[in-house]
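Subject: Structure handover

Hello,

Here is the structure I promised to pass on. Please look it over first, then read my notes below.

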Amino acid sequence: MLVDVALLVSGIVMIAAGIGAVLARSLLVSILLSGGVSLAASLVFLLMGAPDVAMTEAAIGSGLTTVVYLYALARARQPDEEDSDPLGNSVKGGR
Amino acid sequence: MVNPLWLFALSLGAAFLLPLVDRLGRRIALVLVHGVTAAWLAAGLSWLAVLLSGGEAAEFGTAGFRAPLAIVLRVGLAEAAGVTAIALTGLLAAFSLTRSLREAPLGGAMALLMALMGLSGIVLTRDLFNLFVFLEISAIGTYGLLGFDDRKPALRSAFKYMIAGGLASSLYLIGVIYVYRLADTLNLDIAAAGTALSGPAGTAAVFFLLAALLVELKPFPANGWAVDAYETAHPGISAILSGASATALLLALWKILPLLGPAHLSLVAGSGLATFAAGNLVGARQDRPLRMLGYSSVAQVGLVAAVAALARLGGLGDGGADFAAAVAGGLLLNHLLAKTGLFLLAGAVEDDDARGRLAPLSLAAAGVLSAALVGLPPFPGFWAKWRLVRALADSGLWWILAIVLGGSLLEAFYVFRWLGLRAKGEAGEAPVRLGIRSAGPVLAALLLAAAGALAGIRGPVPDLLLWAPWAAAAILFLLDGTPGWLKGLLSVAAAAAFGAAAWDRLDGFRQFFAVMLLGGGALFSIAALRKGGPRRGLHPLLAAATLALGAILVARTPLEFFFAWETMTAASWLLVLRGRGGEKPALSYIVFGLGGAFLLMAGLAAGGWDGGIAAAGWPGLLVLVGLLVKAGALGVHVWLPGSYAESDDESSGFLSSALSKAPIFALFALALSLGAALPGGPWTSRALGWLGLATALGGALYAVYQEDIKRTLAYSSLGQIGYILLAFAAMDQAGWTTSLYLALNHFLYKSMLFLAVAGVIQRTGTRNMYEMGGLIKKMPVSFLSVLMAIIALSGVPPLSGFGGKWLLYSTLIGKGWYLETAVAFFASAVAFLYLYRLIHSIFLGQPKPSQANVREAPVALVLPQLVLMAVLMAVSVFPRLMLDPILALVGDRFPAAFVFEGTRLRSALGYWDGTLTMIVTGGVFALCLVWMLANLHNPQSVKQFNIVFAAERPLRPETTHYAWRFFEPYRKALGFLTRERAERFWDAFGTGAASVGGALRRLYTGNGQTYALHVVLYVAVLYLLLGVL
Amino acid sequence: MMRRVLVFLAVAGLAWALLPLALGSGVPEAPGALATAYLTDAPADFGAANIVTAIVVSYRGFDTLGEVAVLFAATAGVGALLTRKRLGLGDAEPEAKPAATEILVTATGLLTGLLVMFGVYIFLHGHLTPGGGFQGGVVIATALLLGLLARPESHLSHGILAAVESLSGAAYVGMGLLGAFLAWGFLDPRALPLGRIGSLVSAGSIPVIYSLIGLKVGAELSGILDALKGDRE
Amino acid sequence: MSLLEFVSRINPVAASGAVLVLVGVWGVLARPNLFKIAIATSVMETGVNLVILSTGYIRGRTAPILDSAVAGTATDAAGAAARMTDPVPQALVLTAIVIGLAVTALQLSYAVRLRAAGGGSSIESYGDEKW
């Protein structure tokens, strides 16, 4: 039962981080939050008796994927604000 | 059988080592890639060979274990066929990709290997999660391929494609895991054997699996991402997507069918049909060829999925998997090859941004591929569609039948519109030569032809005589470079040989029509020799159409009949397309031709067969309406004038005098099979009578106002067919005798007119009558021919037409159709107006100075005319030559109304004696001549340029010519009758369909996120429907 | 606005389908027959202590081979997309970044070595303890990434990476074939002696296969990072 | 009581996984930025992985790994099996995670490539192919 409560709490954390990742205006924050989702998920996996999966999720989901995102973000010369045009001028409200 | 695992090992090993091999040179690397694909093809073929020769399907386990512990692969017939198809498409596409693969980074070649292996894996695996892995392999391979050659639009599309793909794979995983949870296995067969999935949770779990696969199959409206990709990717990639990928996914769907409940299956069927309808509606609005093909692809895949689901639901076919495999498999094979070829071909043209017409070989390939796509014979889609329609009709699923046929018609419309464009090209553009790039399409076309011919000859149409049109076309196409006279003689020989071979099999009726149909074909094959040079395409098509007409007579089963009918439609359509301005008329010709054919098909499929064509009741009515469309009855005649006017002059004559008798024959055969009655009873005949009458009147009225000589003749044909229909509708001895008599007469004099006019047009270089004049001295034989023909046509004594009119009025009055008689009489009077003009405007009056050097028509035209004149004279003087056989044919089915007494034909109203008429008329003329010679002294010979007697001021512009809008005054009086209502109606109909398509295509906004929204909404709606079902 | 409503409807519809399934399935009391079969048979069948590994590498090894193929295809795709030319970098030198300090460089060098060894340890022990080829591969890639970070001007040696990737992949397929020839089927790890359960040299070819996967995955992931960095020709 | 009972009857991991899937789908549908779409897809995939693993969750059982103490004695193997959770979903999730990474990497490469070609950062600016 205790494990269940822990799972539930982690679940709530994940959902919150997930919503945050979707809502955040800053892509960097978004990426980090989505990495957070994965990290929490790997905790969940560990609690469920799946250490293999937990390791994989931690290494790939929260580690490597985040790095790939950051590299891509840097390579794309993408301004951090999600609704900016290529030159970096904010076009907020222009939709 | 070869263990498929070796092939996976080969593919993966080759792919993994590719970067190292690439150091030896890209060429070697690509040889490796192609070699691996070829190995798959060889394996697929070897499996097919084993399985078709009675071998058992085999399963192959991995890791030394069997299901459920380990993953197993299965090689059955479907799997073998699927792998073969995928490898074949892959090879064709890879061939076209070779250059791009050589120039792009190596990732392209690796992605290609992975994509094809993934698709084969989808086909082979029996494990649900393994299926997911292969779905992902092929998906990632595809994503890589979309962008490998760095086409900017394809990069955009790839991103959209990936969003939708991600959603689909998530759905699939959710489905898989709950299937595992409930059924405690990942193996398909074990899961399907158990009952664990039948509860509500199982239904939901399977729903997720299904939804993912459906999304991957690109259903309407959740397919924008796919259509974008089809449009923008390298044509080779589009071919793989449309051909190989669709095959694999359909087989995946096929595989999970045993897991599905009735509600699921209904969803698949509904979604598939909606996709078929919507895809074709939207495609009809699309003028970018690749996107158009994309819409066509999704539509075809939808149809195949729907067929598979319907068959599984048990509501279709002779029960079970066999039917589904034959129909769905046939449709899929057809789609696969046709779409692969078309994407490669259209893509090559688009890549060159070429606007001209295609070079002959590519054009022939394009024609075969388009025809196959639309389901024309003899390609696999034709056989599949026939079985499908038959099964739908048997099950009473009429609304589905309507969707299938309506969608096919739309598809025909846009595919053939594209083909017309490519066949003609834009003015002033050089022909498009694709060189080696046409190899893939040509190969696909050959495979289609071979597969279709094999399926037909070894299946439902073993009678080789019915294949004669195709054989003739193929042989003459191969000889297309040889001089025209050789091909013309061969055509005539073919028609004669066909007649000789078939004669004994034909009953009297068919022999009667064979004279017109085969004879007409031979006649115009001779006429086609009027110009030198090879005249590419003309002879093969003319011969094919002629023999197809013969095949219609030979056919014994509904399918044989329909096969021959569509062959005839296709060949004649190409004849129209070959004409100089033929692009647009050909399109309406084929759309109406196929529309009529589809009605015919539905009726034939529903009606069964008892020696004739169709049974009573409304299936018979469908057949009747289909035939009337082809006959060009008023209201559905809009395809006719343009086609007759714009095709080559000999083709026009062939269409008008010979081919137009095919629907007449079929009407007789229909009525005969019902014991000389029409489906629907007396009311049908009454309505048909009025329709014929309206056609007669309408044709005559329209003809009056034409300036174009061929349009005049076209409308004239319309009118004459109207009379034939009218007489036929009387349904008694008199009527049928009249109808057959008119038909034969029409054949004679319309042939003469078209032959003469062909000569006139060839010599003057114009079709406008007001640009002609005074040709009597330069073209005396043609003049005589036209003169005799119009006398015969108008029903003036002494020629045979008089007899025709006498017969007609006798029939109508005898039947008590007085109002009809009056209208017919009025129509005849109107007809005389345009007939008069043929003589007056062309041959009389002042010659044009520009036509001073005009000579008599070529021998190839004059000779047949002389023969026909002699025949016409003979049957006019001795009507029994013609009427005795006809009376014998009509026989004693009806109470006799006409009886010969010597040379007199007697009816209740009086008698007609052709010989006497001729003698009297001749006598009157002789008397007049004698009187003139006796009384006219010193006759003055008037020169043709004599202004006073020619009654004309020879001024330019032509509009002041007296013949310009000659009958304009009549239009003021009678114009209300000739407003082009039918044209407007069909235009409005087309506009309606187009606006539906236009509204639907607004869904395709180009925004990848909107496409994703469509995907999720589609899934949600599907789930709601699942709850309802 | 319309769009938001539609998005809401779409997500709500999906929730309507998904939530009953997810919430209603509950927590199972015991594994099913298939899982039980794996749990009881795997140690005997393959001598692997880690049953997940036994499933991943042998029973469902074909999936794993496919998974490796997916990663391979993705690497190929990334490599094809992100060449220097296509990224518009042309022949220009990569932008100079401030050089790291000497200490950092030395430290990372050390750490990189340690991490690589750790990665190797993980995949070598995949059949005994949690972890395996994929996790080990990621650790190796991370180690190389660290090296990349410490010396921004350095390129990963494409030649070596590609060779490692190719050869380990081909060797993986080769091990699969070995299973087919020496044991009972493609990817059957019983081609090599099973050894004593729990020891390093046990479980037939499972450790070999997992090591090859580790090397391949490590090389591929490094390749992806490399391409994203803009170092692909 | 009833709440507790409800909580004990539902599968907490499945529930949070499913909601996370929905959050991800919502992100995919609602955020037009290319990178945001990729991130939301990742979130969705994590949710899917949770859902998958949730079916292998059995209260009070341990990881399906024989520890060395047990491993030596074959007699105890059956007893050990009775203490372990379902390994199949774990194996599946392992595969799914790696595949997810591969897809994400490729998707990001496309985003990078599109941006390098001068395109906008919003997916709305890539709608030239339509109708």
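First, a definition: two strands pair if DSSP finds at least two bridges between them. Helices (H or I, at least four residues) and strands (E, at least two) are DSSP runs, numbered from the N terminus.

This is a predicted model, where local features need pLDDT of at least 70, side-chain atom pairs count only at pLDDT 80 or more, and totals for chains, interfaces and linings use all residues. Residues are numbered from 1 along each chain as its sequence is written, while chains are lettered from A and ligands numbered from 1 in the order in which they are written.

The sheet in chain B

Strand β4 (residues 904-907) of chain B runs antiparallel to β5(B), and four bridges join them. Across this pair, B:Arg906 stands opposite B:Tyr911 in β5(B). Both strands belong to an open sheet of three strands, ordered β3-β4-β5 (chain B), with antiparallel pairing. β3 (899-901) and β5 (910-913) of chain B are the edge strands, each pairing on one side only.

The chains together

Residues are in contact if their C-beta atoms, placed from the backbone, lie within 7 Å. Chains A and B do not touch; their nearest C-alpha atoms are 14 Å apart.

Chain A does meet chain D: 44 residues of chain A are in contact with 45 residues of chain D. On the chain A side, α1 (2-23), α2 (27-47) and α3 (51-75) each give two or more residues. α3(A) gives the most, with 14 residues.

Best wishes

Conventions
Two residues are in contact if their C-beta atoms, placed from the backbone, lie within 7 Å.
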